[in-house]
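Hi,

Please look through it first; my notes follow below.

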Amino acid sequence: MAHPRKRRSAAAVRRTAKRPAAKGQGTLHSAAQNSAAQTSESQCLTLEIDNLTSDAQGVARRGRDVYFVPGALPGETVEVLLDGRRKKVWQTRLRQVLTPSDQRRDAGCPHYRQCGGCDMQHMSSEAQLEAKQQRSQREFQRQGIAVEQWLEPIVGEPWHYRRKARLGVRFSKAEQRNYIGFREAASSHISDIDHCPVLVQHPVLDWAAWRELISGLQGRDAISQIEVIAADNALALVLRQLKPLSAQDQQQLCDFVARYQQDAQPLQLWLKDEHHSQCIFPQHPPAPLWHEVQGLRLNMALDDFIQVNARVNQAMVAQALAWLQVTENDCIWDLFAGHGNFSMPLARLSQQVLAVEVQPDMVASIQRQAEKLALPLLAKQADLSEAGCLQALPEPQAVLLDPPRAGAAQVCEELIRRQVPRIVYVSCDVATLARDLASLTAAGYTVVKAGIMDMFPQTHHVETMVLLQYKSKNRHG
Ligand SMILES: C[S@@+](CC[C@H](N)C(=O)[O-])C[C@H]1O[C@@H](n2cnc3c(N)ncnc32)[C@H](O)[C@@H]1O
């Protein structure tokens, strides 16, 4: 991937550096071996960055010492403050960038320094993609996984892509006001934000206005979260309440939301506690939320898992369907099915699709919708980390699996036992993916295609898709 060869001024770069220290100059190295975590002038150090960690921190080495520098890029010379040593690695804070990389750019969000949400905003889009691609390839190499063909990454919009997010709300007794925002990096503090540029756009997502509103409520200490869920037909705001809000507070919230309703996407306002959710705006029963995949409308409940990036999701589902090469008579398993993101479109191509998911509500939702759309789909509730949970299912010709971060070790054992001809594995954690691929390839599978998908631009998170074919028992088998 090519990088734009633009070199920006060091002054511009200094503005970008995360959490610069208030004072301290020069390049003093004398106290580098001191493990005390306090920051002082004597702990200032100049480093050459030569690599990135999996969570996008710069890595520098001096002799036998290793340093992690959040916000620094390979090729840069940086000045850092030592924060202490953890597991043989020095943790540091970037003080200033002395020689900037040509991949550096200004962060697109004014809250970047504090907010722990996006950790790659100081990198160009090309550099972000390349770092993610290299990381996937490195993990595969570490596990000895050979890939016949790496495909071009699937990319969407760099900003305003996120359709589901949870913001923290905290009431400060001392300041008599609320904080609304995301957690700060490596901390439980809520960092105030006014707007989030990776979140979908809607006039109601004005957090400064929400802050003022909530700070004026009787129950200003009773709200702990605001969740944003942008369906294709409405935008839902779900307020998590620690104790019931008064009728007056509820009215104030509804009046506020109503002001943003005109001409924009329909809004829904929900109050949620430990046991149930209640829609308070609009007053008539709200329309079920849905999003469209491959021309199919999938209903989604507030708690359903949903792929956060609509555009990348469309391309991801299309690619998975193409790679699976489903024919009408195939039996297909969709494992970790969620609310049917892959299984519904698959059920238009094959006469027998089995969707397996642990959450009973999503299983019921898949089944209901499949019946409504007359799709040949059977949804089954099962915990896929339990041995034997797939044993009773009919033999599949192709399997799609999209597990959570922990991966799918147990499932892979069953796929190996059955020698399933084609597998598409979608993963949000490349380390567990590589671990599972090592088991599959040792048992006779070949990784035919692989590609990353930039589901979470501006962050180090990456989604990877792999096509495996069963060839034969290999040399180890
Ligand atoms: C990454 S999401 C993928 C969902 C779906 N494939 C999609 O694209 O929207 C993982 C799903 O696996 C489900 N899950 C997590 N652990 C599970 C388990 N042990 N057994 C079965 N399903 C599980 C979650 O509830 C979630 O719906």
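The shell around the ligand holds nine nonpolar, five polar and three charged residues. Nonpolar here covers Ala, Val, Leu, Ile, Met, Phe, Trp, Tyr, Cys and Pro; charged covers Asp, Glu, Lys and Arg; the others, Gly among them, are polar. Of the 17 residues around the ligand, F336, G338, N341, V358 and L384 come nearest. A residue counts as near if its C-beta atom, placed from the backbone, lies within 6 Å.

This is a predicted model: local features need pLDDT of at least 70, side-chain atom pairs pLDDT 80 or more, while totals for chains, interfaces and linings use all residues. Residues are numbered from 1 along each chain as its sequence is written.

Next, helix 3 (residues 207–215). Its buried residues are W207, W210 and I214 (buried: 20 or more other C-beta atoms within 10 Å of its own; exposed: 12 or fewer). They fall within an arc of 50 degrees seen down the helix axis, so they line one face of helix 3. The cover over these buried residues includes strand 7 (164–172), strand 8 (177–183) and strand 10 (223–230).

Helix 2 (residues 125–142) packs against helix 9 (residues 430–442) at about 35 degrees, axes 9 Å apart. Helix 2 contributes R135, S136, E139, F140 and R142; helix 9 contributes V430, A431 and A434 (contact: C-beta atoms within 7 Å). That contact divides into four nonpolar, one polar and three charged residues.

Last, A392. It sits in the loop between strand 18 (377–381) and strand 19 (398–401). A392 is exposed, with 8 other C-beta atoms within 10 Å.

Best wishes

Definitions and conventions: Helix = DSSP H or I, 4+ residues; strand = E, 2+ residues; numbered from the N terminus. Arc of directions from axis to C-beta. Contact = placed C-beta atoms within 7 Å. Axes fitted to C-alpha atoms, helices over the stretch in contact; angles between N-to-C directions.
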